[in-house]
Amino acid sequence: MVTTRTDVTRSRRVVDSAARRRGLGLAGLCLGTALIVMEANVVNVAVPAIRAQLRAGAAAGLWVVDAYTLVLAALLLSAGRLGDRIGPRRGYLIGLGVFGAASVLCALAPGAALLVPARALQGAGAALLAPAPLTLIAHACPGPAERARAVAVWVGVGGVGMVVGPLLGGLLVDTLGWRSIFVLNVPVVAVTWWLVRRYVEELPRRPVAFDPAGQLLAVLGLTAVVWSLVTSARAGWGSPTVLPVLAGGLLALLGLVVAQLRRGRRGHDVLLPPAVLTARPVQAGLLGGAVYNFTLYGMLLVHTFAFQQLRHYSALRTGLAFLPLTLAVTAGAGLLGGRFTERRGPRTALATGMGLSAAGLLVLALGVRHTPYPVTAAGFVLFALGLGLSAPAQTLAVLAHAPEEHRNMASSTLNAARQTGGVLGVALLGAFVAPDVAARTPVAMALAAGCCVGAAVTALRRIPARGSGPLSGVGAAAAARPGSPGSRG
């Protein structure tokens, strides 16, 4: 059979058209991920303006930040199962619709009483969005090299979302007002929805089972813990409701873990498979992920308060003050983290990263009022470089030691651990600092540094050394498997 020039040209056009469709579909998936990552930190710099205009108290300001991440963390595991049942692309599009509608409600909210539930609805939409992109990318890019490039682009765009969040939030607050933060989401959601709807193929549905009891315990436990921490900022720990509700929430979370272990060992479908929860290296990776977001989200909120209340920075100047932090996080993860983890293994990388983050937090514990900004910026950079080292190490520790059949669930569990850490960081550190920012910021940073040290020690004790155990022969490229780049949570 003779191949003519016309046939070759036609084949090239078909290949180019398919590549173009994949590229546009990937653009839609990346935009959605950048949106939900940015939404987790873009509001921080707007909290003082929101409180002033809506005449809201300190607790309401914390809830404006935490309602989004709380719902995202609580629903993340079940949302992944829902995406399997209805199709990941359909789940992604529904999540975009919910997120966009909630953004409109946020922009129109006349008071905190409506803004906080609207932020929670945003979190529900984000929970539907978060699990789908890597599954859809893996289907659209079957070749390992092409898939690796697509995942790298997806991770990079997510990093851009983290970098521009505080800066964009500050710019919008100072020029158009805090409501414009939510208005901007609407056209981005519309473009993203069109790209995914037109250029991303749906996958077959999977009849996976839900775990309603486990989901209920997760929601009740997390909500009770966060409510008690936030309320302590207004009512104090001596309030007759704060400590009992906190104890009830902790008991609910403990009951969740116990029930998951018992039901899972009996063969029931659960949110958290026992094989994932009981693996010691996985435990170290999950703790590292939780501490990662606990310190990052909590530190961002605390220093937003410090910059605006003690140094009297505007929202835009506050966003610019965080620029060394966000750039160093992205550079550390992209240029250092993967290479260091590949050479030294996740045990050393996670311990080293958490140690560097602890050192940066101790620099930040010097305070803000009288500390020269270059010293604060150096603390940001040191803290962020540590996060950049620890992020891929967490992912690799979890994925390399989780059983093959539970690897996707292990990835979702890591994402849930990170989001839960972020919720608790905002609630605990924010509530602790709110009554006296100047006096309590150093204590909060020292507490965060202690958490990093604990995560480093756990990594050294529970993750095997490089060259022994399941990690032997596993490269850092495993961190780029589907589900792993969710480290930006």
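**Pockets, a cavity and a surface patch**

Modeller: In this predicted model, the second largest pocket has a lining of 30 residues, and V257, A290, A416, A417 and T420 are the ones nearest its centre.

Biologist: Which elements give two or more residues to that lining?

Modeller: They are α3 (58–86), α10 (212–235), α11 (242–265), α13 (280–310) and α17 (407–433). The most comes from α17, which gives 7 residues to the lining of the second largest pocket.

Biologist: How much space lies in the second largest pocket, and how do its lining residues divide by class?

Modeller: The space is about 890 Å³. Its lining has 26 nonpolar and 4 polar residues, with no charged ones.

Biologist: Let us turn to cavities. How many of 30 Å³ or more does a search of the whole structure find?

Modeller: The search finds 1 cavity of that size. About 40 Å³ of space lies in the largest cavity.

Biologist: What lines the largest cavity?

Modeller: Its lining consists of M38, E39, V42, L168, L172, I181, L184 and N185. Two or more residues come from each of α1 (5–39) and α7 (144–175). By class, 6 lining residues are nonpolar, 1 is polar and 1 is charged.

Biologist: Now the surface. Which residues form a nonpolar patch there?

Modeller: V104, L108 and V186 form one, and together they have about 250 Å² of accessible area.

Biologist: Where does V104 lie, and why is V104 called partly exposed?

Modeller: V104 lies in helix α4 (residues 88–108). V104 is called partly exposed because its relative accessible area is 35%, and the term covers values between 20% and 50%.

Technical notes: Residues are numbered from 1 along each chain as its sequence is written. This is a predicted model: local features need pLDDT of at least 70, side-chain atom pairs count only at pLDDT 80 or more; totals for chains, interfaces and linings use all residues. Side-chain values use heavy atoms; hydrogens and water are left out. Patches are made of residues with over 30% relative accessible area and no salt bridge: like charges are joined within 9 Å, nonpolar side chains (Val, Leu, Ile, Met, Phe, Trp, Tyr) within 5 Å. Accessible areas come from the Shrake-Rupley method with a 1.4 Å probe; for residues, only the protein chains shown count as cover. A salt bridge is a side-chain nitrogen of Lys or Arg within 4 Å of a carboxyl oxygen of Asp or Glu. Helices (H or I, at least four residues) and strands (E, at least two) are DSSP runs, numbered from the N terminus. Buried means under 20% relative accessible area, exposed over 50%, partly exposed in between (1.4 Å probe, protein chains only). On a 1 Å grid over the protein atoms alone, a cavity is a set of points where a 1.4 Å probe fits but cannot get out, and a pocket is an open set with protein on both sides within 12 Å along at least five of seven lines; lining residues have an atom within 4 Å of a point. Grid points are joined across faces, edges and corners, and a volume is the space filled by probe spheres set on the points. Ala, Val, Leu, Ile, Met, Phe, Trp, Tyr, Cys and Pro count as nonpolar, Asp, Glu, Lys and Arg as charged, and the others, Gly among them, as polar.
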